[in-house]
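Please go through the model shown here with attention to its charged side chains, its aromatic rings and its backbone geometry. The briefing is arranged by topic.

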Amino acid sequence: MRLALAQIEIDSGDVAGNVERATEAIESAATEGAECVALPEIFDVGYFAFDAYRRAAEPIGGETHRAIREAAVEHDVAVLAGTVVEDLEASAAAGESVPAERGLANTAVLFDSDGARRLVYRKHHLFGYDSAEAELLVPGERLATAALCGHTVAVTTCYDLRFPELYRKLVDSGATMVLVPSAWPYPRVEHWKLLPRARAVENLLYVGAVNGSASFEESALVGRSTVIDPWGTPIATSDDGPTIVHARCPPERVVAVREDFPALRDRR
C-alpha cells in the first residue's frame, strides 16, 4: 500500500474551509501516487471547537462524507475520512446502527476508491483531562476491519493510543495496519512520538498516526504525522506544519516481521 497522511491545516469552526483543504489534500496525495489517504481527527470543525460541535454535527453519509467520498472516487484513492462529529439521532433515522439513540460521536469512516464504505469506527476512549470531549460525546462500542490493498486495516482515534488492550483485539481480528486520526496537542510531544511506536512494536503491524496542523486559543497541535513499520521504525514523518506524509507499506513486511520475531505466538 502507498499510504498518505494528510496533515492539513484546521481552522477552528470553519467546516467549509476545512473540508475544502481536505479534498485538496486528497487530490494532491493521489497525484503523488497514494492508494490510501488518511485525514486527522475532527478535521471538519476542529477538535477544540467544542462550542461548535452540535452545530457542525452530521449523520454518517452527510455533507462532509459526501464531499470526501466524491474526492475518493474522482481521484481513484481510498480515503479515511479522519473523524467528524456525528449526529447519532440523524444517523439512526437514516438506518445506521448507533451506540445511542441520540447524542454526538467522534466517528471515522473509510471509503474505498469506488466510494464504497468499508468501515465505521467511533472513538472508544473519550478524553476527560482538561477537555469537554467526555461530556459532549458518546463512546463507540464496535471494532471493525477492512481488506484494503493487501492489508487488513483497522482504525482507532487519538486517546485510544493509551489503551493497548484495544490493539490486541484488533490483532486478534487480523489487523496488519491501524490508522490513527488524531488531534494531539502540545506539550505532550514525547507521548505522541512514543505511543504509536509502542503499539506497532507490541502488535507487529503498521501504524499510521495522522495529526492535524492547528493553533487554538489555548493549545496547538504537535503535527508530526508518522508512519511506523511493524518493527517499530518510523519510516516517514513531518514537523508541525501542513504537509502530506507518504510511505510505502507492503503487507508482506508484516508477514516477514511476524515470522522472524513471533512474539504474538508467545502470549499466555
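What follows takes up salt bridges, surface charge, aromatic pairs and backbone geometry in turn.

This is a predicted model, in which local features need pLDDT of at least 70 and side-chain atom pairs count only at pLDDT 80 or more, while totals for chains, interfaces and linings use all residues. Residues are numbered from 1 along each chain as its sequence is written, and side-chain values use heavy atoms, with hydrogens and water left out. Helices (H or I, at least four residues) and strands (E, at least two) are DSSP runs numbered from the N terminus. Throughout, buried stands for under 20% relative accessible area, exposed for over 50%, and partly exposed for what lies in between, with a 1.4 Å probe and protein chains only; the areas themselves come from the Shrake-Rupley method, and for residues only the protein chains shown count as cover.

**Salt bridges**

- The structure holds eleven salt bridges, each defined as a side-chain nitrogen of Lys or Arg within 4 Å of a carboxyl oxygen of Asp or Glu.
- One of them joins E35 and R2, whose closest N and O atoms are 3.9 Å apart. Because E35 lies in the loop between helix 1 and strand 2 (36–38) while R2 belongs to strand 1 (residues 2–7), this pair ties together parts that are 33 residues apart in sequence.
- In another salt bridge, D172 meets R267, with the closest N and O atoms 2.7 Å apart. Here D172 sits in helix 6 (residues 164–172) and R267 in the segment after helix 8 (251–260), so the pair ties together parts that are 95 residues apart in sequence.
- D172 is exposed, as its relative accessible area is 55%, whereas R267, at 37%, is partly exposed.
- R199 and E202 also meet through their side chains in a salt bridge, with 2.8 Å from N to O. The two residues are three residues apart in helix 7 (residues 189–203), so they are separated by about one helical turn.
- R199 counts as buried because its relative accessibility is 5%, while E202, with a relative accessible area of 30%, is partly exposed.

**Negative surface patch**

- E20, E24, E27, E70 and E74 form a negative surface patch. Patches are made of residues with over 30% relative accessible area and no salt bridge, with like charges joined within 9 Å; Asp and Glu count as negative, and His and the chain ends are not counted.
- For Glu, the place of the charge is taken as CD.
- Helix 1 (15–31) and helix 3 (63–74) are the elements that give two or more residues to the patch, and helix 1 gives the most, with three residues.
- E24, which lies in helix 1, counts as partly exposed because its relative accessibility is 43%.

**Aromatic pairs**

- The structure holds nine aromatic pairs, where rings of Phe, Tyr and Trp (its six-membered ring) pair if their centres lie within 6.5 Å, and planes under 30 degrees apart count as stacked, over 60 as edge-to-face and the rest as tilted.
- Among them is the edge-to-face pair of Y47 and F50, with 5.4 Å centre to centre and 75° between the planes.
- Both residues count as buried, Y47 at 6% relative accessibility and F50 at 18%.
- Y47 and F50 also belong to one aromatic cluster, which they form with F48, Y53 and F216.

**Backbone geometry**

- Most residues other than glycine have a negative phi, and most peptide bonds are trans.
- Y186 and P187 are joined by a cis peptide bond, with omega about 10°; P187 is placed in the loop between strand 9 (177–181) and helix 7.
- D76, a residue other than glycine, has a positive phi near 55° and is placed in the loop between helix 3 and strand 3 (78–80). At 55% relative accessibility, D76 counts as exposed.
- C158, which is not a glycine either, has a positive phi of about 45°, and its place is in the loop between strand 8 (151–155) and helix 6. C158 counts as buried, with 8% relative accessibility.

Technical notes
Patches are made of residues with over 30% relative accessible area and no salt bridge: like charges are joined within 9 Å, nonpolar side chains (Val, Leu, Ile, Met, Phe, Trp, Tyr) within 5 Å. Accessible areas come from the Shrake-Rupley method with a 1.4 Å probe; for residues, only the protein chains shown count as cover.
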